[in-house]
Structure formats: C-alpha cells, structure tokens
Amino acid sequence: MAKKDKKQEDECLKNAKPLKPPEHTEFPFLTYGFFKPNQLAFNQIKHLTKKNVTPVYIEATLKHVNGMPVLIKEFNTWNEPIKGYVLKFRKKKGKTAYNYISNTKDMHIYSWETIKFKGEQVNVLVSANPKKMENLYKDPDLSPTARNSYDYNWLNDNVYRYTFKFLNSRLDELCSEIYYTQENDFDKLALLFMEAQSLYMVLWSAIDRFLTFRYTLRQGDNVKSLAKERYFKEALKECVDYTDTITSAQNLKQVTLNRNDPLCSAYYYYTLRNNIVHNGKENVKEVKKLVRALHDLTSIFDKVTVAVKKEGEKNLAEYSPGFDNDFEARKNKIKF
C-alpha cells in the first residue's frame, strides 16, 4: 500500500481519544458548550465548582462538529460574540474537574489553550485543527443550532428536537399494525420487524449522542453512568411494569430487564441495540419484544431529557442568576 493511501486509511480509522487535562489545573475554566450551567455535562462538575460563575462574551467563532461546539479563535465583527462562563473550582478540586471535562473531549477535535481574563489566566478549549474546520459546512445551515451558534444550547440540536417527533409519528401505528397482523403472515411481519429495528436505531443514535455529551467518550462507561442517573431510575420505574430477558449475540450472556435493577435494564436496552447493529435480528417472532422495548425506551428517554432540561434551568438560576438579562455578560468581553 502506498504511503499516501496508508495515511488516508489511518485518518479514516482514527478512534476518538479523550483529551489530556490542561497543564495548569489550578486555572479557572472558560466554557461555552457542554459545561455551561444549563447544559448537559455541568452536573458532572457542579459539586467541584464555586457558585456565582462569571458570564462572559467571547470574541471568537463557534463551529459545530456532529453536535459538538468548537471554538475558532478568528472573529468577524459582523458575528455575534459567543456566550460563555468562567468557572472557578473549589480548593484542590481543579484536577478532578478537568479530568471530567477532558474525558468528554476528543483530542483530534479539541486542544487546550490559556487566555487572560481580568488579570488571570483561564483554560479554554479551542479547535485542534482550525484549517480543517474552515472547510466544514460551507453551505448555509438554517437549523436552530446554526442560527443560534453564538449561544450553544443542546436543546436546539436537531437530533433531540426531531427524534421524538419522528418516532411518535410512526410508533403508535406500528404497534397497531403488529398487533393486528397474523403470526403466519411472515412477509408482513418481516417488513414491520425491519422498520422496528430502524426506529430503534434512530432512538439509540440520539441516546448515544446524549450519553457521550453528558458523560464521556467511552460508550461502555456511559451505559453504567446512565444506570446511575436518577432521572433514568425514576423513568424506568414509571414506564416499565414487566420483566424480560434477551441474549447477547456477542457473548451469549443473558441480560434481564427489571424496573428495580437499573444497571441490568440499561444493559438490556443496550444489548438489544448491539444485537441489531452488529448482527441484525432475523427472528420475526421477536418483533413484539422489540416494539415494546422501543415504545418504553422512547418514553424513558423523553422523561430523562425533560428532567435534564429542568435541571439545567435550576443550575443556571443557582450559579449565574440574572445572566439572561445580558447586562453583566456584555461588560465581560474576552478577546484572543
């Protein structure tokens, strides 16, 4: 294989690797994305962060890479500056906080940099490859995420905004069709089974995105984190009133769904996902099992996202009261 082809292959096969923490973990953290008080990941560092965080505007440009906000240091005066916050960590807690932060970031996309704010150095995540970023999304993007790109908010992400609309538009009808289809009508059941698998993967694409941005890049760890999530536990008990068992197609281990066992239940749904992705499911007799899991997990995830939205509103009121009026933030401008 030619060196050029080998290099291209290596680029394509690169796996996401967590970023290393910054050199100076005693410095404050300038956040404009997942770790803003009202965003997905703030709860991971909330207990390590001092209250009354400082709202700021950053004279830079915000790009989005598959849902991830990435700061480009160049700034055009016709652009809105980026809304962010300077977070200060409790005594000797900076190292722990930066470990959490770095575990959610891909070293191929982000790098650490320091910048001065009010006489002190602060750490900020910037693009690891701004030249490549310049070539991203040259066509106009009219999505809510792009229109509000100066103020990142996970609730504007199209994946979350439209997943439930898409699933709910078809889910009830699909359940009804399966219920009234005769078991000996193999062709129709097979087509419904294929559709159910497709919908289940659409749901999991949103869940994977949510878990990665809230917890870490390591998918296996994210399932455990989901099981520990209070909102998942509450929704599981509310939405599931039965037990069931499936077998992993990878290692033949059995996993049980049980409303009183969040860890096993999280792995039940995740194993069902893996069985579809890696092997595909052939036994159409399992269509009702799959559709029931799809229905219940959709309800669970919906309740979790609603709870996390309320959590963010509460965090914002607690850690940065009054930021919505914009007055304080406008006084705190940061330039590269």
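Start by selecting F29, F35, F89, Y98 and W112, which ring pairs join into a cluster. The model is predicted: local features need pLDDT of at least 70 and side-chain atom pairs count only at pLDDT 80 or more, while totals for chains, interfaces and linings use all residues. Residues are numbered from 1 along each chain as its sequence is written, and side-chain values use heavy atoms, with hydrogens and water left out.

**The aromatic cluster**

The structure holds 16 aromatic pairs. Rings of Phe, Tyr and Trp (its six-membered ring) pair if their centres lie within 6.5 Å; planes under 30 degrees apart count as stacked, over 60 as edge-to-face and the rest as tilted. Zoom in on F89 and Y98: the ring centres are 5.4 Å apart and the planes stand at 80 degrees, so this pair is edge-to-face. F89 and Y98 are each buried, where buried means under 20% relative accessible area, exposed over 50% and partly exposed in between (1.4 Å probe, protein chains only).

Y98 sits in helix α3 (residues 94–103) and W112 in strand β6 (residues 110–117), so the pair links distant parts of the chain, 14 residues apart. Helices (H or I, at least four residues) and strands (E, at least two) are DSSP runs, numbered from the N terminus. Y98 and W112 are both buried.

**Charges over rings**

Select K105 and Y110. The charged end of K105 sits over the ring of Y110, at 4.9 Å from its centre. The criterion is that NZ of Lys or CZ of Arg is within 6 Å of the ring centre and within 35 degrees of the ring normal. Then select K51 and Y319, where K51 lies over the face of Y319, 5.8 Å from the ring centre.

**A loop contact**

Which loop holds L19? L19 lies in the loop between α1 (3–12) and β1 (29–31). L19 counts as buried because its relative accessibility is 12%. L19 and K105 are 86 residues apart in sequence, and their C-alpha atoms are 5.5 Å apart in space.

**Helix α11 and its neighbours**

Show helix α11 (residues 287–319) with helix α9 (residues 230–239): their axes come within 9 Å and cross at roughly 140 degrees. Axes are lines fitted to C-alpha atoms, for helices over the stretch in contact, and angles run from 0 to 180 degrees between N-to-C directions. That angle makes α9 oblique to α11; angles under 35 degrees count as roughly parallel, over 145 as roughly antiparallel, 65 to 115 as roughly perpendicular and the rest as oblique.

The axes of α7 and α11 come within 10 Å and cross at roughly 25 degrees, which makes α7 roughly parallel to α11.

Within α11, pick I300. I300 is buried, with a relative accessible area of 1%.

**Last stop: cysteines**

How many disulfides does the structure hold? The structure holds 0 disulfides, a disulfide being a pair of cysteine sulfur atoms within 2.5 Å. Select C175, which is partly exposed at a relative accessible area of 25%, and then C264, which counts as partly exposed at 31% relative accessibility.
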